[in-house]
Amino acid sequence: MIDSGFETRSVRMELLLLVSFQAPVVDVDRIMDAVVAITPLGMGNYDSNAFQSAGGVERYRPLESAAAGAETVLRQRPGTVEVSFELPDDQGLAARVVEAIYQAHSYEEPVIRIQPLLASRSKGLDDRSNPHRWWNTTGDWKKAPSVKEQA
């Protein structure tokens with residue numbers, strides 16, 4: 001395993017923390033607003049950087065000590081997503097972010113994970129003429145409104 005960052009001509013690979021959580025899609029904006037209030041989730045010339053998966057089905061059964069009380073039937077909740085983002089390798093910051101997720105989440109026992117990883121950061125080279133960059137393409141995604149703009 002690579003235990004330190006490294007560089008190529010175009011990018012730096014940095015040691016960071018990958019934070020992910022699962023939540024009903026209706027909770028995500030509230031949770032992410034709480035996270036961004038603590039840290040901007042910056043990446044180069046961008047902020048609020050996160051990834052949200054497509055909806056899936058969460059499966060669970062409350063036990064006796066759960067707030068809902070014991071149930072015999074396995075619950076299946078559609079519309080649950082996973083959101084992930086990167087943080088600097090800072091345990092204090094990670095603790096504040098985890099607490100913010102917990103407080104903004106609707107679950108009694110939210111699924112929150114943190115993993116160390118190497119992640120790329122552009123060196124900001126001038127590659128405006130690169131034909132593969134989004135600003136040099138005509139894909140219709142370029143015109144698509146953000147999730148918040150659609151709401």
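Which strand gives the most to the lining of the largest pocket? The legends below answer this for a predicted model.

**View 1. Overall fold of the predicted chain.** Three helices and six strands make up the secondary structure. Read from the N terminus, the elements follow the order β-β-α-β-β-β-α-β-α. Of contacts between residues at least 6 apart in sequence, 69% join residues at least 24 apart. The chain has 151 residues, and 26% of them count as buried. Its accessible surface comes to about 10,500 Å², with 53% belonging to carbon and sulfur atoms.

**View 2. The largest pocket and its centre.** The space in this pocket is about 760 Å³. Its lining consists of 28 residues, and those nearest the centre are Gly 44, Tyr 46, Ser 122, Lys 123 and Gly 124. By class, the lining residues divide into ten nonpolar, nine polar and nine charged.

**View 3. Strands in the lining of the largest pocket.** S2, strand S5 (75-88) and strand S6 (111-122) each supply at least two residues of the lining. S2 gives the most, with four residues.

**View 4. Asp 27 and its contacts.** Asp 27 is located in the loop between strand S2 (11-24) and helix H1 (28-36). Its relative accessibility is 5%, so Asp 27 counts as buried, the cut-off being under 20%. When neighbours within four places in sequence are left aside, Asp 27 is in contact with His 105 and Ser 106.

How values were computed. Residues are numbered from 1 along each chain as its sequence is written. This is a predicted model: local features need pLDDT of at least 70, side-chain atom pairs count only at pLDDT 80 or more; totals for chains, interfaces and linings use all residues. Side-chain values use heavy atoms; hydrogens and water are left out. Buried means under 20% relative accessible area, exposed over 50%, partly exposed in between (1.4 Å probe, protein chains only). Contact means heavy atoms within 4.5 Å. Accessible areas come from the Shrake-Rupley method with a 1.4 Å probe; for residues, only the protein chains shown count as cover. On a 1 Å grid over the protein atoms alone, a cavity is a set of points where a 1.4 Å probe fits but cannot get out, and a pocket is an open set with protein on both sides within 12 Å along at least five of seven lines; lining residues have an atom within 4 Å of a point. Grid points are joined across faces, edges and corners, and a volume is the space filled by probe spheres set on the points. Ala, Val, Leu, Ile, Met, Phe, Trp, Tyr, Cys and Pro count as nonpolar, Asp, Glu, Lys and Arg as charged, and the others, Gly among them, as polar.
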